[in-house]
Amino acid sequence: MTKETNPTTDGRVVAISGGANFLGAGLTRSLLADPNTRKVVLFDTRQPPSQDGRLVYYKVDMTLPSASQIISKILTNENVDTFCHLIFSYGLSRSRSIAHEIEAIGTMHMLDACEAAGVRKVVARSTTAIYGAKPKGPAFYTENHKVDGDSRNSMVTEKLETERQLQVFAQRHPDKVVTILRACTTMGPTAINFLSNMLIQPRAVKLIGYDPLMQFIHEDDLFRAYKKVIDEDHPGIYNIVGKGTLRYSETLKTMATRPVRLPLRAWEPLSSVLWSLKLSDIPDKLTRYLQYPWVADGTKAAEEIGFVPEYSSRDALMAAHHVHRKPKN
């Protein structure tokens, strides 16, 4: 059931961690376009470019031991109703300890601050990658499937830990609304993640004998999904995915990315060397995601939130293609 929120008669005050990343910036634009938004409070180590009068920026490192106390004071002073936790390491951190600090420790400080400040709603970012890529997985993962992604991969393990913290928080505070959005790979003019970084290159590896199904969501659809769960109360976990799927080979063709065909036995040691030498932005532990499908079912989001994507997976790819594959003169 859709439940409308009514935080104050003067409009909503929303805080966003990771306000300078593509998702934080896009969501901020959506919120500021809504006259019901009284204020957007951004937390990041980088200052966002917007100069809107309703935008308040705080330079806060959420990994610092004092972060929860600093953030809780700000949330209280700004009268924040909803906290959107969008900090991600994008799977591109070369240090597992750094990824842990950014996501797991940052989430712990955020939740402590929200508890202390009495924030009513927490909306957090996750990914369908936590379902894992397996040779015998289901055709489509639902929110009821076990999340057991590769334990060697910090992109997955830290997000599993983040979700665990959020679910414990929700159990301890049944009076609060806690929403987790598991999005598939986001593509578009500004989206940044390990697959988008790979697909906008002139060439990308294609493992011989493997051609998994993939799915993508247009960044504008993702912004809409977040805006919807801010405007309405929808506690729980939801897959947020685009329409349809494509084979990996179709994905490369759509992006005009030339495949570099390699056998698995050659790619695994090569990817490790390239990653360690900082010659590649593709984490070496993500090979399985180029072998097996990890597509998710968006039915629950459609039925309970009313979120239906406007764009297909191919549309999302084309949006990135038009920006990163500009025709040469």
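This is a predicted model: local features need pLDDT of at least 70, side-chain atom pairs count only at pLDDT 80 or more; totals for chains, interfaces and linings use all residues.
**View 1. Stacked pair of Y131 and Y141.** Of the five aromatic pairs that the structure holds, this view shows the one formed by Y131 and Y141, whose ring centres are separated by 4.9 Å and whose planes lie at 10° to each other. Both residues belong to the loop between β6 (121-127) and α4 (154-172), so the pair ties together parts that are 10 residues apart in sequence. Y131 is buried, its relative accessible area being 0%. Y141 is also buried, with a relative accessible area of 2%.

**View 2. Edge-to-face pair of Y210 and Y292.** The ring centres of Y210 and Y292 are 5.8 Å apart and the planes stand at 90°, so the arrangement is edge-to-face. Y210 is located in the loop between β9 (203-207) and β10 (213-214), whereas Y292 is located in the loop between α8 (264-276) and α9 (299-305); the pair therefore ties together parts that are 82 residues apart in sequence. Y292 has a relative accessible area of 16% and is buried, because residues under 20% are classed in this way.

**View 3. Aromatic cluster of F43, Y58 and F83.**

**View 4. Charged end of K300 over the ring of Y238.** In this view a lysine meets an aromatic ring: the charged end of K300 sits over Y238, at 4.8 Å from the centre of the ring.

Terms used: Residues are numbered from 1 along each chain as its sequence is written. Side-chain values use heavy atoms; hydrogens and water are left out. Rings of Phe, Tyr and Trp (its six-membered ring) pair if their centres lie within 6.5 Å; planes under 30 degrees apart count as stacked, over 60 as edge-to-face and the rest as tilted. Helices (H or I, at least four residues) and strands (E, at least two) are DSSP runs, numbered from the N terminus. Buried means under 20% relative accessible area, exposed over 50%, partly exposed in between (1.4 Å probe, protein chains only). A charge sits over a ring if NZ of Lys or CZ of Arg is within 6 Å of the ring centre and within 35 degrees of the ring normal.
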